[in-house]
Amino acid sequence: MTVNEAASSTLLPAGVMAGRDDPADRILATAYELFSRRGIRSVGVNELIDSSGVSKATFYRHFPSKNALVLAFLDLRDQVWTVDLIVSEARRRGSTAEEQLLAIFDVFGDWFQRDDFEACTFINVLLEMGPEHPLGQASIGYLSRIRGHIQALAEEATLNRPEEFARSWHILMKGSIISASEGDLLASKRAQQMARWLIEHHRTL
């Protein structure tokens, strides 16, 4: 299976690995699909090897352990989900920092309606592996990076206490994802309304 074949049937956008078809890319494309849909513990190395069409020796040459592959998956997920889907698309949709902040929940609304909506990988891995596990720690780091993007927008919008704002805003983001996972397809709209109140609060502090 080539990277393009893997990407066409998975959550990984087809253009991410366009033109790349070495064994490491095939393994990572396969892992992106399996880990995103099923979590970490339920996916074994043998399944990853079989599904990516590589030998065991090739697998371990590129990824010395399953944890090493998960870390590479989380890094790719940060680029595909946080940077490309959420931050870049929100910035594209808004002409001011405040509009871009609110647009995050419009992007979420589109995402929640998709048949392949799979919730937040970083939350999933953190809950599955625990905060003391290296993969849980990595997930905490990526969640912190999301708050960093929010804080940067808050600073551009000249909101008061931008770090505190980013933490509160992130609660709305995470809460809406969990609510959407429960089946509330209007979760993004509810969160966006609360987000407007939060922005106003941080303008008047």
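**Note on the nonpolar core and its aromatic rings**

1. W169 is buried, at a relative accessible area of 0% (buried: under 20%, 1.4 Å probe, protein chains only). This is a predicted model, where local features need pLDDT of at least 70, side-chain atom pairs count only at pLDDT 80 or more, and totals for chains, interfaces and linings use all residues. Residues are numbered from 1 along each chain as its sequence is written, and side-chain values use heavy atoms, without hydrogens and water.

2. The largest nonpolar core holds 67 residues, and F108 and W169 have the most contacts inside it. Such a core is a set of buried Ala, Val, Leu, Ile, Met, Phe, Trp, Tyr and Cys residues joined through side-chain atoms within 4.5 Å. Helix α6 gives the most, 10 residues (helices: DSSP runs of H or I, at least four residues, numbered from the N terminus).

3. The whole structure has 16 aromatic pairs (Phe, Tyr or Trp rings, the six-membered one for Trp, with centres within 6.5 Å; stacked under 30 degrees, edge-to-face over 60, tilted for the rest). F105 and W169 make a tilted pair, 5.4 Å centre to centre with 50° between the planes. It joins α6 to α9 across 64 residues. F105 is buried, at 1%.

4. F108 and F112 both sit in α6, 4 residues apart. F108 is buried at 0%, and F112 at 3%. Beyond its neighbours within four places in sequence, F108 is in contact (heavy atoms within 4.5 Å) with residues including W81, M173 and S188.

5. Ring pairs build a cluster; among its members are W81, F105, F108, F112 and W169.

Terms used: Buried means under 20% relative accessible area, exposed over 50%, partly exposed in between (1.4 Å probe, protein chains only). Helices (H or I, at least four residues) and strands (E, at least two) are DSSP runs, numbered from the N terminus.
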